[in-house]
Amino acid sequence: MAEMMHCYRHPNRETRVSCATCGRPICTECMRQTEVGIKCPDDARLPRSARAGVMKTNQILWSLLAGVAVVLVGIPVVSLILSLPFQWLLSAAAGYGAGTLINRAGGRNGGNIAIAISAVAVAIPYLVWLAQPVISGGSPSPFEVGAMIFAVVTAGLANRQL
Ligand SMILES: [Zn+2]
Ligand SMILES: [Zn+2]
């Protein structure tokens, strides 16, 4: 027989139920049924933003895979963008699209991991092209560096929980 616990909000009430999030015992009056199990009122009430950024391992893996895809697709796309007019605007749009893709691949949890993966995945294709003049002894065009910064920032913004 399971050991009786006492509700953390009503110490004189016995219960066998505990919160799925924090593990504290809760009585039948305090328990809240949620889609992920029974929770205490504190955890059931948490807004979505407070839970954002908690990624499961497979969500991180999917985010990384999406990041690799962004790098592979991004290299030719960035080459094209840098040859076009409005490259800052195009970079911002491409960065936002890439960030959204990575965010969705990771289960839309956002958080710092998704932001970091997005920023790196978007920066790499730019660095590949920006490195070309550096290798031959020159310096990258400040305009193209600006385009990269725009793309990286919008990729990060796409992962923010609003
Ligand atoms: Zn709880
Ligand atoms: Zn209670």
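**Helix packing around Ser91 in a predicted model**

In this predicted model, Ser91 touches Ile81, Ala147, Met148, Phe150 and Ala151, when residues up to four places away in sequence are not counted. Ser91 has its place in helix α4, and it counts as buried because 27 C-beta neighbours lie inside 10 Å, where 20 or more are required. The C-alpha atoms of Ser91 and Ala114, which stand 23 residues apart along the chain, are separated by 19 Å.

The setting of this residue can be described at the level of the whole chain and then helix by helix. The protein chain is divided into domain 1, which covers residues 5-46, and domain 2, which covers residues 51-157, and the C-alpha centres of domain 1 and domain 2 lie 43 Å apart. Two packed helices are described by the angle between their axes and by the distance between the axes, and the pairs below are presented in that way.

Helices α4 and α6 pack at an angle of about 30 degrees, and their axes are 7 Å apart. Since this angle falls under 35 degrees, α4 is roughly parallel to α6, and the crossing of the two helices is right-handed. On the α4 side, the contact is made by Gln87, Trp88, Ser91, Ala92, Ala94, Gly95, Tyr96, Ala98 and Gly99, while α6 contributes Gly146, Ala147, Met148, Phe150, Ala151, Val152, Thr154, Ala155, Gly156 and Leu157. The residues of this contact of α4 with α6 divide into twelve nonpolar, seven polar and no charged.

Helix α4 (87-105) also packs against helix α3 (57-82), here at an angle of about 165 degrees and with the axes 9 Å apart. Because angles over 145 degrees count as roughly antiparallel, α3 and α4 are described in that way, and α3 passes α4 in a right-handed crossing. The contact is made by Trp62, Ser63, Leu65, Ala66, Gly67, Val70, Gly74, Val77, Ile81 and Leu82 of α3, together with Gln87, Leu90, Ser91, Ala94, Ala98, Leu101, Ile102 and Ala105 of α4. Of the residues in this contact of α3 with α4, 13 are nonpolar, five are polar and none is charged.

The loop between α3 and α4 contains Phe86, whose phi is near 55 degrees, a positive value in a residue other than glycine. Phe86 counts as exposed because it has 11 C-beta neighbours inside 10 Å, and the limit for an exposed residue is 12 or fewer.

A further pair is formed by helix α5 (residues 111-135) and helix α6 (residues 142-157), whose axes come within 8 Å and cross at roughly 160 degrees. This angle is over 145 degrees, and α5 and α6 are therefore roughly antiparallel to each other; α5 passes α6 in a right-handed crossing. The contact is made by Ile115, Ser118, Ala119, Val122, Ala123, Tyr126 and Leu130 of α5, and by Glu144, Val145, Met148, Ala151, Val152, Ala155 and Gly156 of α6. The residues of this contact of α5 with α6 divide into eleven nonpolar, two polar and one charged. Met148 and Ala151, which belong to this contact of α5 with α6, are also among the residues that Ser91 touches.

Methods: Residues numbered from 1 in each chain as written. Chains lettered and ligands numbered in written order. Predicted model: local features only at pLDDT ≥ 70, side-chain atom pairs only at ≥ 80, totals over all residues. Domains from an automatic or database assignment. Helix = DSSP H or I, 4+ residues; strand = E, 2+ residues; numbered from the N terminus. Axes fitted to C-alpha atoms, helices over the stretch in contact; angles between N-to-C directions. Parallel < 35°, antiparallel > 145°, perpendicular 65-115°, else oblique. Left-handed = near helix turned anticlockwise from the far one by under 90°. Contact = placed C-beta atoms within 7 Å. Nonpolar A, V, L, I, M, F, W, Y, C, P; charged D, E, K, R; others polar.
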